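Open the structure in your viewer and keep the selection tool at hand. The stops below say what to select and what is there.

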There are 2 protein chains.
Amino acid sequence: MCQLFSMSSQAAATITFSFTGFSERGGRTADHPDGWGIAFYEGAGCRVFHDDQPACSSTLATYIRTTPIKSNIAIAHVRKATQGPTAVANCHPFQREWRGQPWVFAHNGDLRDWRAPLSGPYHPVGTTDSEHAFCWLMQELNARFPMHLPTPSFEEMATHLSTLAAEIATHGNFNFVLSNGDTLFAHCSSTLYMLARSYPFPVATLKDCDLRVDLGPLNATTDKMVFIATEPLTTNESWTALRTGEFLAIQGGAIRMRTHHPQTKAFPVACGLS
Amino acid sequence: MCQLFSMSSQAAATITFSFTGFSERGGRTADHPDGWGIAFYEGAGCRVFHDDQPACSSTLATYIRTTPIKSNIAIAHVRKATQGPTAVANCHPFQREWRGQPWVFAHNGDLRDWRAPLSGPYHPVGTTDSEHAFCWLMQELNARFPMHLPTPSFEEMATHLSTLAAEIATHGNFNFVLSNGDTLFAHCSSTLYMLARSYPFPVATLKDCDLRVDLGPLNATTDKMVFIATEPLTTNESWTALRTGEFLAIQGGAIRMRTHHPQTKAFPVACGLS
């Protein structure tokens, strides 16, 4: 399985601590060695870093682990190739622009043979089921909220996205995180955990490497953030599992909208597939 | 003025040598300290690195200078902010997807008050004239070659792009490089130089720092590449100035098409503008 990690924070924050643990899953503590990527929203812009090397040994991942990039929303992914070879074009997160915002998407799951019909302005560069599904999501957002109409609210976008996510999730596991820089959207098909952090900040212990950090001095008492990950990243905090069919819209480190499609089901993970 | 640098190479090649000199212009040997970026095409994919720090001192630029990333087409830019503040969203190269290919664009010039009407699927994330013009180029490509028709040849794309470039160039200096990973397109409004390198490869001396490298052992006798830059990067090679109105289509380190719009004129560079 691929793995996801993302953060929404009220104040721009660095994720070097979390990424230090998460990137170990890219070939060392877990078998996801087929490339990785991370997106940082910075102001209106977004920087996406990709590498087709294992995250645990990539020199670019070392740069990210040691460089404090402040962001309100970050999305990271380590890949276990299931559909599409190991290549830069197949590294998540994928990025497209809609309505002058950079949209970023990362997926954990497997949509098997399903490919939605693409007739809009978005087409995959690589060969993953994930990028194809992302293009369809963007196409359908664009169709539902065409440019001659006012920009939809995040609630309107979330409502439509949750319906689209439930539709795709009938074809396979569709755990994903998606953002436009304002809102972090997350959908759980089979496995996704959430953690809310706020004052008082703990001394957090990473699960994937021998590192404990006292987060108190690193944060203001008013700071708060929400983390989403395929598996908990720390061992001494209360990560909660999302339910199958849950869809979240998160802004500024707080959940703003939470819906549930009870008909969504988790698919069994076939051997060698994610 | 901003500065551009790009390479098209027959065999995938690194540009650490050239970028070592070019990045000095981001705040040390020239006054372009307001961010930088570089795009590397790798297979079907493309990696774009951005930083809003000066290229001469950016730790990410150090990573690029010291990491041999092999690419057939690379595009780099150092920025002197004229329209839009220093920000990640305003760093070139800009990127959009069209027909399943990642298109990348970097501009040197100033289009003053001109903003083309955007009614298609591409809209700027930042506030530069450059990204706006890029969105219009992509919109017009998409309008001329709609998705229900076969993918146009590079000659068809080049012919249309050269006409669009000439149209934009009536509003201000529009020196740019643009690529889809297959072809490197370049347009000269006021200042752009070209260098073709092939066997026998020289001992090249950078203009911007004290570095000489014997390129012979680093290249095969069959290798060839074309470089485009705002100013020559080396002091002992024959860089040739493109003419105002020239448009090139370059593939695999060779010029495949060359057109000239004699009516295009260079605009005087206003003090403080690029």
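Start by selecting Arg28(B), an exposed residue with a relative accessible area of 51%. It counts as exposed because the cut-off for that word is over 50%. Glu24(B) is buried, at a relative accessible area of 11%. This is a predicted model, so keep that in mind at every stop.

Side chains of opposite charge can pair when their charged atoms come close.

Next select Asp31(B) and Lys80(B). These two form a salt bridge whose closest N and O atoms are 2.7 Å apart. The pair links distant parts of the chain, 49 residues apart. Asp31(B) is in the loop between α1 (16–22) and β2 (36–42) of chain B, while Lys80(B) is in the loop between β4 (71–78) and β5 (94–98) of chain B.

## Between the chains

Show both chains and select Arg47(B) together with Asp51(A). They form a salt bridge, and the closest N and O atoms are 3.7 Å apart. Arg47(B) belongs to strand β3 (residues 45–51) of chain B and Asp51(A) to strand β3 (residues 45–51) of chain A, so this pair joins two chains. Both Arg47(B) and Asp51(A) are buried.

Then select Glu42(A), Arg47(A) and Asp51(B). Salt bridges with shared partners join these residues into one network. Over all chains, the structure holds 20 salt bridges.

How is chain B laid on chain A? A turn of 180 degrees and a shift of 0.0 Å along the axis do it, with an RMSD of 0.0 Å. That is the relation of a two-fold axis. The same surface serves both copies, as 100% of the contact residues of chain B recur in chain A.

## The sheet of chain A

Look for an open sheet of seven strands in chain A, with antiparallel pairing and the order β3-β2-β4-β1-β12-β9-β13. The edges are β3 and β13 of chain A; each has a single partner strand, so one side of each is left without a neighbour in the sheet.

Select helix α2 (residues 59–66) of chain A, which packs on the sheet and touches β2 (36–42) and β3 of chain A. The direction of α2 makes about 35 degrees with that of β2(A).

Now move to strand β9 (residues 193–198) of chain A. Strand β9 pairs with β12(A) in the antiparallel sense, over six bridges.

## Last stop: Glu237(A)

Select Glu237(A), in the loop between β12 (224–229) and β13 (240–241) of chain A. Glu237(A) is buried, with a relative accessible area of 14%. Its side chain and that of Thr234(A) are joined by a polar contact of 2.7 Å. Which residues does Glu237(A) touch, leaving aside its neighbours within four places in sequence? Select Leu195(A), Arg197(A), Pro202(A) and Ala204(A), with which Glu237(A) is in contact.

Methods. Residues numbered from 1 in each chain as written. Chains lettered and ligands numbered in written order. Predicted model: local features only at pLDDT ≥ 70, side-chain atom pairs only at ≥ 80, totals over all residues. Heavy atoms only, no water. Salt bridge = Lys/Arg side-chain N within 4 Å of Asp/Glu carboxyl O. Helix = DSSP H or I, 4+ residues; strand = E, 2+ residues; numbered from the N terminus. Buried < 20%, exposed > 50% of the residue type's maximum accessible area, 1.4 Å probe, protein only. Polar contact = N/O pair within 3.5 Å; in protein donor to acceptor, adjacent residues only side chain to side chain. Contact = heavy atoms within 4.5 Å. Least-squares fit on C-alpha atoms with pLDDT ≥ 70 in both. Pairing = 2+ DSSP bridges. Axes fitted to C-alpha atoms, helices over the stretch in contact; angles between N-to-C directions.
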